[in-house]
Amino acid sequence: MEVGRFAPSTTGRAHAGTLLAALLCWLDARSRKAELWLRLEDLDPDRCRPQWSEGIRDDLAWLGVDFDRIVEQHDLAAQHEAALDRLAEAGLLYPCACSRSSLAEGAVRAPDGSLGYPNRCRGRELARGGWRASCEPLRVRLPDSGIFLRDESGLDLSQQPASSFGDPIVRRRDGAIAYHLAVVVDDAASGVTRVVRGRDLAPSTATQVALQRLLGLPTPVYRHHLLLLEERGEKLAKLHGSAGADVLRASLAAEEVCGFLACAAGLRSAAEPTTPHDLLHDFCWEHAGSEDRVVRFEAGRLELVPAASGGGYPRSP
Ligand SMILES: [Zn+2]
């Protein structure tokens with residue numbers, strides 16, 4: 001049985017980019033008769049709010065995207081802790097309290113534009129009480145070898161994650177389980193076989209695959225899709241709060257938004273009102289576009305902005 005998942009962070013209401021990602025995940029899963037899970041990623045206490053979990057679920061239901069199972073990541077603490085136990089037993093966890101500013105000097109840019117971590121504290125050991133007794137952030141020591149893989153669309157995801165990004169934080173100073181570890185553990189626990197997600201996440205795939213291998217977990221098939229961008233000053237940026245679902249829903253019907261997303265993704269030649277179910281009968285990835293699209297929401301209307309307005313989102317390696 002194939003299993004797909006849509007896994008938004010609950011750091012705000014859904015926006016047009018979230019809805020596009022959900023629609024593509026749903027079409028991928030339903031067209032293959034796969035099971036589809038919604039996993040609400042709510043582990044970051046600084047940025048996530050329960051009302052946004054509720055809001056996202058409501059926005060997805062409004063669009064007409066449904067799920068076979070819904071899980072909230074904060075309910076999965078036992079499996080996250082078990083993974084930390086295994087990494088600690090293997091001697092791979094170490095504390096690192098280096099501040100961002102102390103790491104900035106001489107740091108190398110990672111493939112996604114962030115600062116790479118130079119594995120400075122690799123020689124340190126966990127406190128005597130183990131990882132639970134540590135009040136410092138914890139990192140996991142990745143093998144120095146390369147990860148070689150392509151996603152289903154042919155995108156090359158190969159990388160040496162230990163040197164390009166550095167050993168990832170797996171438990172934060174505030175005790176929260178960090179993103180990469182939670183994603184890898186939760187995908188495996190739900191039997192996920194297909195990860196369909198935006199291309200902004202492509203550069204982190206090698207780190208996640210390295211973690212899967214350390215934990216003896218299977219690697220799903222990955223597919224990365226186009227992003228919706230917005231103009232922000234002179235630049236293009238990944239679409240964010242400017243066209244939140246609450247704002248879209250006040251001026252547009254679900255069928256209109258669905259039609260716009262289908263057109264933006266290249267699944268339809270014009271933005272005619274439609275539903276996810278209507279898109280299903282002839283869905284295939286060969287019809288979907290691969291170029292990112294620039295979106296504008298103005299006077300109650302969603303519009304695609306013609307390309308060539310400069311900038312562009314940083315591409316994966
Ligand atoms: Zn350190």
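The model is predicted, so local features need pLDDT of at least 70 and side-chain atom pairs pLDDT 80 or more, while totals for chains, interfaces and linings use all residues. Residues are numbered from 1 along each chain as its sequence is written, and side-chain values use heavy atoms, without hydrogens and water.

**Helix H1**

Select residues 16–31. This is helix H1, with 16 residues. Helices here are DSSP runs of H or I, at least four residues, numbered from the N terminus. H1 reaches 22 Å from its first C-alpha to its last, close to the 22 Å expected at 1.5 Å a residue. That expected span is 1.5 Å times one less than the number of residues. Of the 16 residues of H1, 15 are buried, so the helix is largely enclosed by the rest of the structure. Buried means under 20% relative accessible area, exposed over 50%, and partly exposed in between (1.4 Å probe, protein chains only). Now pick Lys33, which follows H1 and has a positive phi, near 55°.

**Zinc site**

Go to the zinc ion. Cys96, Cys98 and Cys121 coordinate the ion through SG atoms at 2.1 to 2.2 Å. Donors are N, O and S atoms within 2.8 Å of the metal (3.2 Å for Na, K and Ca); water is not among the atoms, so sites may look incomplete. Along the chain, the donors follow the spacing C-x1-C-x22-C. Cys96 is buried at 3% relative accessibility, whereas Cys98 is partly exposed at 22%.

**Largest cavity**

Finish with Leu267, Arg268, Leu279, Asp282, Phe283, Cys284 and His287. These residues line the largest cavity. A cavity is a set of points on a 1 Å grid over the protein atoms alone where a 1.4 Å probe fits but cannot get out; lining residues have an atom within 4 Å of a point.

Conventions. Helix = DSSP H or I, 4+ residues; strand = E, 2+ residues; numbered from the N terminus. 1 Å grid on protein atoms, 1.4 Å probe; cavity = no way out; pocket = protein on both sides within 12 Å on 5 of 7 lines; lining within 4 Å.
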